[in-house]
Amino acid sequence: MTVQEEDSPELLDFLLRVYPAVMAELDKSTRSHAFDGYEVDWEESSNSVQCLHTLSHAALEEKLEVTCLSWNPTGAVLAVAYGRYDHQDWCTHKSSLCTWNLDRRSLNANKADLAIDIPSCVMSIAFHPIIPSLILAGTFNGAVYVYDIGKEDDTLIASSGVGENSHKDPISQVMWLNDPASKDKKFKIMSAGGDGKILIWRLSQSSKNLKLLSGFVVQTDSIPRNLRVSKARGDSLVGVTCLSFSHEDKTTFVAGSEGGGVFKCSTNATTTATSEDIQSVPVHSPVTFAFHPYLGPIHSVCCSPHHRNLFLTAGTDTLRLYNMLQLMPSLTIEPSCGYLYSVRWSYTRPVVFAVACGNGKVLLYDLKANRINPVMTLDGCSKGSSIFTAEFNPSRKYLLASGNGRGEVKVWKLNDDLVSHKPRDQDILESLAVLHVD
Amino acid sequence: MSSTDTSHAGEILDRIQHHKGVRGVIVVNSDSMSVRSTLDNSATVQYIGMAKTLTTMSRSLVRDINPQDDLAILRVRTKKSEIIIAPERTADDREYQVIAIQDYE
């Protein structure tokens with residue numbers, strides 16, 4: 001495009017005229033402090049929470065419930081697990097694992113970008129924390145699957161199978177495990193089930209079978225006698241419903257049980273235990289401490305990303321904030337919104353968390369503003385069906401997804417108030433963590 | 001040194017180019033063609049297109065407020081750089097521009 005012409009006198013004139021001005025501006029710009037410390041907030045600020053998308057997979061005809069959600073590490077892809085919670089006997093449902101890419105220009109809210117058929121209800125899913133295309137799924141019949149959704153065909157890369165060495169009851173949670181302190185840098189897979197087993201698996205390059213590395217069983221013996229609710233035998237197993245790892249100590253996790261027990265566990269536990277099913281690998285009892293129990297099942301636990309000892313539990317209709325060092329909860333909240341199925345801390349504001357409720361609402365709490373009532377109530381299902389799961393987007397801090405009993409997923413854009421870090425948030429969290437010495 | 005000492009267009013542009021942080025200088029003639037550019041072709045074309053739209057908009061804004069006034073310099077601050085546009089319209093409605101792109105350290 002550059003035209004090399006003889007410098008016309010007109011052009012030279014122009015240049016001579018503007019030269020001082022341009023130089024003056026260049027000088028000013030290098031010396032200017034006008035923008036020092038100025039950070040642009042590229043997101044538009046707003047006070048309202050918007051529902052950006054309502055996603056559903058039409059092929060499932062609203063027959064299945066959303067049981068679990070997971071965001072991939074880039075924050076663009078949302079995976080949705082479909083299943084049912086009300087099985088009377090064998091699971092004969094044809095279930096799916098669906099993904100939507102929210103960055104896609106032609107987002108179809110009624111049809112997933114990718115739908116993987118799974119022969120049993122999917123109860124839990126988890127995207128790999130680093131590799132955006134790897135996802136875990138745990139099913140009602142006790143199998144763990146690993147999928148690579150980036151592949152064109154044959155997305156299944158490994159599975160645990162059902163039978164020997166596997167779960168004999170529905171899987172309640174699957175997750176990726178990475179302990180930076182351990183020598184083994186590779187991610188491992190952890191699965192927990194209603195049969196009281198917590199199993200650790202390894203993904204191998206060569207085989208399509210997950211290799212069982214070690215196992216844990218949660219038994220009634222782990223619960224101190226004065227905290228036992230049932231009169232079950234000491235070696236009877238306690239069904240695990242949910243797990244959450246501490247964000248600071250990667251060997252410590254909290255588990256919730258069907259019977260209402262809340263346990264602090266360690267992956268380094270050395271207390272040997274026996275399990276009739278698992279013969280090939282050593283089995284340990286993981287429990288290191290038992291907290292004051294609930295009288296009904298625990299549906300969800302979540303360790304605070306901003307405090308090493310605090311974690312939230314949701315069970316029956318009550319929320320509790322526990323300190324890992326203390327038997328009794330530090331805070332109890334009863335929102336009276338039916339059963340509480342899921343609780344998740346915000347990744348960005350230390351005192352904000354979301355709760356998925358049985359009456360179709362998603363509650364957002366801000367402990368700085370109010371310790372009793374939610375600061376925001378979102379309508380997660382217009383027809384009053386339960387919300388089973390809610391997940392904050394770990395990389396796009398404004399997004400929250402919720403899934404309901406009609407198979408619908410709503411993606412919300414949160415307001416600045418709930419997202420932007422506020423002074424004193426951490427102090428408030430610290431004050432909640434203060435131990436009460438009786 | 002006063003600007004009149006520079007008799008040659010190339011010399012003027014050299015000076016601008018060697019100013020602190022300057023990544024490129026483009027001189028645009030009345031046909032929206034670059035007469036001189038220190039950037040590659042595609043970047044040059046992009047900057048010219050952008051500068052034209054911006055100056056047209058800015059000028060009409062300035063003129064709307066006061067018809068006797070005119071746009072002298074336009075500075076655009078971006079995340080990475082500052083773009084300085086010096087447009088000039090001649091009496092017979094032809095327009096020259098100097099575009100300088102300056103990066104911050």
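A salt bridge, as the word is used on this tour, is a side-chain nitrogen of Lys or Arg within 4 Å of a carboxyl oxygen of Asp or Glu. This is a predicted model, in which local features need pLDDT of at least 70 and side-chain atom pairs count only at pLDDT 80 or more, while totals for chains, interfaces and linings use all residues. Residues are numbered from 1 along each chain as its sequence is written, chains are lettered from A and ligands numbered from 1 in the order in which they are written, and side-chain values use heavy atoms, with hydrogens and water left out.

**Stop one: a salt bridge in chain B**

Select R59(B) and E95(B), which form a salt bridge whose closest N and O atoms are 2.9 Å apart. R59(B) lies in helix α2 (residues 41-65) of chain B and E95(B) in strand β5 (residues 95-103) of chain B, so the pair ties together parts that are 36 residues apart in sequence. Helices (H or I, at least four residues) and strands (E, at least two) are DSSP runs, numbered from the N terminus. Are these two residues buried or exposed? R59(B) has 5% relative accessibility and counts as buried, and E95(B), at 18%, counts as buried too. Here buried means under 20% relative accessible area, exposed means over 50%, and partly exposed is in between (1.4 Å probe, protein chains only).

**Stop two: salt bridges in chain A**

Side chains of opposite charge can pair when their charged atoms come close. Now select D103(A) and R396(A), whose side chains meet in a salt bridge of 2.9 Å, N to O. The two residues are 293 residues apart, with D103(A) in the loop between β4 (95-101) and β5 (114-118) of chain A, and R396(A) in the loop between β27 (387-392) and β28 (399-404) of that chain. D103(A) is partly exposed, with a relative accessible area of 49%, and R396(A) is partly exposed at 29%.

Because D379(A) lies in strand β26 (residues 376-379) of chain A and K361(A) in strand β25 of chain A, the pair ties together parts that are 18 residues apart in sequence. Both residues are partly exposed, D379(A) at 37% and K361(A) at 27%.

To see salt bridges joined in a network, select E25(A), K28(A), R75(B), R77(B) and E82(B). Over all chains, the count comes to 23 salt bridges.

**Stop three: two helices side by side**

Two packed helices are described by the angle between their axes and the distance between the axes. Select helix α1 (residues 9-31) of chain A and helix α1 (residues 9-17) of chain B, whose axes come within 10 Å and cross at roughly 10°. Axes are lines fitted to C-alpha atoms, for helices over the stretch in contact, and angles run from 0 to 180 degrees between N-to-C directions. The helices α1(A) and α1(B) are therefore roughly parallel to each other, a term used for angles under 35 degrees. Among the residues that meet here are L12(A), L15(A) and Y19(A) on one side and I12(B), L13(B) and R15(B) on the other, where contact means heavy atoms within 4.5 Å.

**Stop four: the cores**

A nonpolar core is a set of buried Ala, Val, Leu, Ile, Met, Phe, Trp, Tyr and Cys residues joined through side-chain atoms within 4.5 Å. Which residues have the most contacts inside the largest nonpolar core? They are L319(A), F353(A) and V355(A), in a core of 23 residues. Elements that each supply at least two residues of this core include β20 (310-315), β21 (318-323) and α3 (425-432) of chain A. A second, separate core has 22 residues, including L11(A), I16(B), V35(B) and V98(B).

**Last stop: a loop residue**

Finish at T316(A), which lies in the loop between β20 and β21 of chain A. Its phi is near 40°, a positive value in a residue other than glycine, and T316(A) counts as buried at 18% relative accessibility.

Key:
Angles under 35 degrees count as roughly parallel, over 145 as roughly antiparallel, 65 to 115 as roughly perpendicular and the rest as oblique.
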